[in-house]
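Hi everyone, thanks for coming.

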Amino acid sequence: MVAGLKRAAAVDIGTNSVLLLVAERGADGRLSPVREEAEITRLGRGVERTGMLSAEGMEATLSVLARFAAQAREGGAQRLVVTATSAARDARNGEEFLRTARERAGAEVEILSGDEEARLGYLAVASEFADRAGPAGLLTIDVGGGSTELVHGAGTAVRFRTSLDIGSVRLTERCIQGDPPSVAEQQAVRRAVVDALATLPAFPEAVTVVGVAGTVTSLFAIAEGVEPYDAARVHGGWLDLVQVALVRGRLCSVALAERRRLPGIQPRRADVLPAGAILFEAALHRLGTRGAWVSDRGLRWGVLIDRWEGLL
């Protein structure tokens, strides 16, 4: 750690995964990653059906959270911010999870509203992609496990934001039982997505679309054969709608065991990626765009960008 530089860390606890960012800020105000980690723990398994966080999901998530908190401290982070999203805010036993997190990891977990999750995720994208957008601005699509956030803005100013209760885990549990998913199951996922997206307003035709989070980065990694996963090769890439359709078709046509072996895929994400691919493809069609830029920097980056002055 360079003398005079300060470090902070953010942990994003999602429905499907837990992500760590330890970062420092240079004289130009830009954040630079010191350490990044990600683990799929599936905190939200079963929430769609039971309304409760499962003991298995909580244990896996708390174990990773404790490890990430220790790694943040070891990495020189002077402050740690931990946020949780869809699964934790929807579950009836979310408070139990927060209490146990304090005991196990010594961390206070803040449950974000859907609107705040959307705003912070957009802020992360705007810090990287605003210079690629014209007068029509940026539109981000953050495909999560339990929810999907869409935000339209110009620069860092948000014009519209929404959080929809559709995500790769939620849609898989709701619509898919077959392996691979049947045509009827794929159609059920698509109908659920189209129905949810019907509530969106019209966006400017020339808006610059950016896809965020594990579903989108996985689709790009599979399409481009990025194996092993390399954030530097994924972040800032362009994912064409034709590529999305081809990868979606491939994911939906092979059984789980084969999906797990596809170059570029995270094996533990393979079960929910078909639904995530259908969701993202349907969203691109709804927006009338030919593709999207890809961002590997989501909510955890937005949290630190937004709160850095107050933390340090």
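Let me start with a question: in which loop is the place of Ala-213? Ala-213 sits in the loop between strand 9 (208-212) and helix 8. Helices here are DSSP runs of H or I with at least four residues, strands are runs of E with at least two, and both are numbered from the N terminus. With a relative accessible area of 23%, Ala-213 is partly exposed. On our scale, buried means under 20% relative accessible area, exposed means over 50%, and partly exposed is in between, using a 1.4 Å probe and protein chains only.

A word on where this comes from. This is a predicted model, in which local features need pLDDT of at least 70 and side-chain atom pairs count only at pLDDT 80 or more, while totals for chains, interfaces and linings use all residues. Residues are numbered from 1 along each chain as its sequence is written, and side-chain values use heavy atoms, with hydrogens and water left out.

Arg-42 also has a positive phi, about 55°, and is not a glycine. You'll find Arg-42 in the loop between strand 3 and helix 1 (47-50). Is Arg-42 buried or exposed? Its relative accessibility is 10%, so Arg-42 counts as buried.

Now the whole chain. There are 13 helices and eleven strands. The radius of gyration is 18 Å, close to the 20 Å that the globule rule gives for 312 residues, so the chain is as compact as a globular protein of that length. That radius is taken over C-alpha atoms, and the rule is 2.2 Å times the number of residues to the power 0.38. Along the principal axes, the C-alpha trace spans about 55 × 50 × 35 Å. Of the 312 residues, 56% count as buried. Among contacts (heavy atoms within 4.5 Å) with a separation of 6 or more, 71% come from residues 24 or more positions apart.

Strand 1 (residues 7-13) and strand 2 (residues 17-25) run antiparallel, and seven bridges join them. We call two strands paired if DSSP finds at least two bridges between them. These two form a hairpin with three residues between them, and Ala-9 stands opposite Val-22 in strand 2.

On to strand 3 (residues 31-40), which is antiparallel to strand 2 and joined to it by nine bridges. Here Leu-19 has Ala-38 as its bridge partner. The hairpin of strand 2 and strand 3 has five residues between the strands, and in it Gly-29 takes a positive phi near 85°. Why is strand 2 largely enclosed by the rest of the structure? Because eight of its nine residues are buried.

Last, two prolines for you to look at. A cis peptide bond joins Asp-179 and Pro-180, with omega about 0°, and Pro-180 is in the loop between helix 6 (168-175) and helix 7 (183-197). Another cis peptide bond, also with omega about 0°, joins Glu-227 and Pro-228. Pro-228 lies in the loop between helix 8 (214-224) and helix 9 (231-234).

That's my tour, and I'm happy to go back to any of these spots with you.
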